[in-house]
Amino acid sequence: MREAMVAVALVWVAASGTAVVLIRDPLSQAFAVGFFGLALATLYLSLQAGDVALSQIVVGAIALPLIVLLTLAKVREKPQ
Amino acid sequence: MTPRGRLVFFIMAAAGLSVALGIGFSELPSFGAPISAYASLLNHLAPVQRRVTDVVSAVSFDYRGIDTLFEEFILFSAVTGIAVVLRPLSDEVRDLPEDEAPERKVPAPSPAVGLLGVILSPLLVLIAIETITHGQLTPGGGFQGGVILASALYVIYLATGYSTAERFQPTALLEGSDGFGAGGYVVVGLLGLLGGVAFLTNVVGLGHSGNLISGGTIPLLNVVVGIEVAGGFAILGSEFLDQTAVIRPRRK
């Protein structure tokens, strides 16, 4: 059971990490990087590292995409 | 640099990196190998020595507490740097955007989203306090709980808008808690010196393993770190939000 969970998490990390690299549009990339963070958190959880998984969720799936999204909103403003 | 020169430079760098990584990885324990001697030693020692049930907390806030002190100041200086870089510059103004089409009807935000925010943000505050105060018992602690606490502010912004969210972000309080938390870590460390032992030594009564108040200075450090991280991430969010919502070039 545990091996299956680790295997699923590893595949998910590999797939979403590749997706982050291949997506060229920064807005879609911000969402993809959020999913990548969630995948990493699942991997850490399946390896029984609860503390690291919690940090990964709060930083990788909340803080990082938020900062990228707000920065995109700023640089896309129409020049006055 | 010509494309050819760049390729040669890349190949040399990649070769060096792969050799270094190869040597490093070859010495790593294989997947699923038994945990290291240091880890099993800590698993046996920490619950007895420090009366905690989350050994990771004992490592970060006690055995290697000085490392966490430096990490706190890394975060502190990063947040300070962002606040400096993202301040309104001399050719920028800080005010709410003018409505250029006042006759346009803007649909009101859905009440369902507001209700979700009303339910979600107090829940996040509660989970944050739970995560911070139970750091010595279960996975979690000051850092994770602090970010969850700050994310309650993000939920208020998403559910309402900039003007409401700004009322929940008093700058003086956020900056004060960032500084108080970072300084508080040093103060808790000084308790050791007052007790006549080394800096950051766990000198407070350890209590009983499994109780909410147990582990001596570990829960104290979790609380100050939680205050610092919550303040820091809230400043981070509000600085980026200000840049997006209210800071704009001054009109000529």
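Chain A of this predicted model contains three helices and zero strands. Read from the N terminus, its elements follow the order α-α-α.

**Dimensions of chain A**

The overall dimensions of chain A may be set beside the rule for a compact globule. For 80 residues that rule gives a radius of gyration near 12 Å, whereas chain A has 15 Å.

| Property of chain A | Value |
|---|---|
| Radius of gyration | 15 Å |
| Span of the C-alpha trace along the principal axes | about 60 × 25 × 10 Å |
| Buried share of the 80 residues | 22% |
| Share of contacts (residues at least 6 apart in sequence) that join residues at least 24 apart | 51% |

**Contact between the chains**

Chain A meets chain B through 15 of its residues, which are in contact with 18 residues of chain B. On the chain B side, α6 and α9 each supply at least two residues. That side of chain B is made up of 10 nonpolar residues, seven polar residues and one charged residue.

**The largest nonpolar core**

The largest nonpolar core has 57 residues, and the members that touch the most others are B:Leu153, B:Leu221 and B:Val224. Both chains take part: α2 (26-46) and α3 (50-75) of chain A each supply at least two residues, as do α3 (55-63), α4 (65-85), α5 (111-133), α6 (142-159), α8 (171-194) and α9 (217-245) of chain B. The most is given by α9(B), with 16 residues. In soluble globular proteins, nonpolar side chains tend to be buried together.

The surroundings of B:Leu221 can be listed by residue. Leaving aside residues up to four places away in sequence, B:Leu221 touches B:Phe61, B:Gly65, B:Gly142, B:Tyr185 and B:Val188. Two of these contacts, B:Tyr185 and B:Val188, are also among the buried residues of α8(B).

**Helix α8 of chain B**

The buried residues of α8(B) are B:Leu174, B:Ser177, B:Asp178, B:Gly181, B:Ala182, B:Tyr185 and B:Val188. An α-helix has 3.6 residues a turn, so residues three or four places apart point the same way. The buried residues of α8(B) pack against α4 and α9 of chain B.

The length of α8(B) can be checked against its residue count. With 24 residues at 1.5 Å a residue, α8(B) should span 34 Å, and its end C-alpha atoms are 34 Å apart, so the two values agree. After α8(B) comes B:Gly196, which has a positive phi, near 85 degrees.

Notes:
Residues numbered from 1 in each chain as written. Chains lettered and ligands numbered in written order. Predicted model: local features only at pLDDT ≥ 70, side-chain atom pairs only at ≥ 80, totals over all residues. Core = buried A, V, L, I, M, F, W, Y, C linked by C-beta atoms within 7 Å. Buried ≥ 20, exposed ≤ 12 C-beta atoms within 10 Å, placed from the backbone. Helix = DSSP H or I, 4+ residues; strand = E, 2+ residues; numbered from the N terminus. Contact = placed C-beta atoms within 7 Å. Nonpolar A, V, L, I, M, F, W, Y, C, P; charged D, E, K, R; others polar. Expected span 1.5 Å × (residues − 1). Rg over C-alpha atoms; globule rule 2.2 N^0.38 Å.
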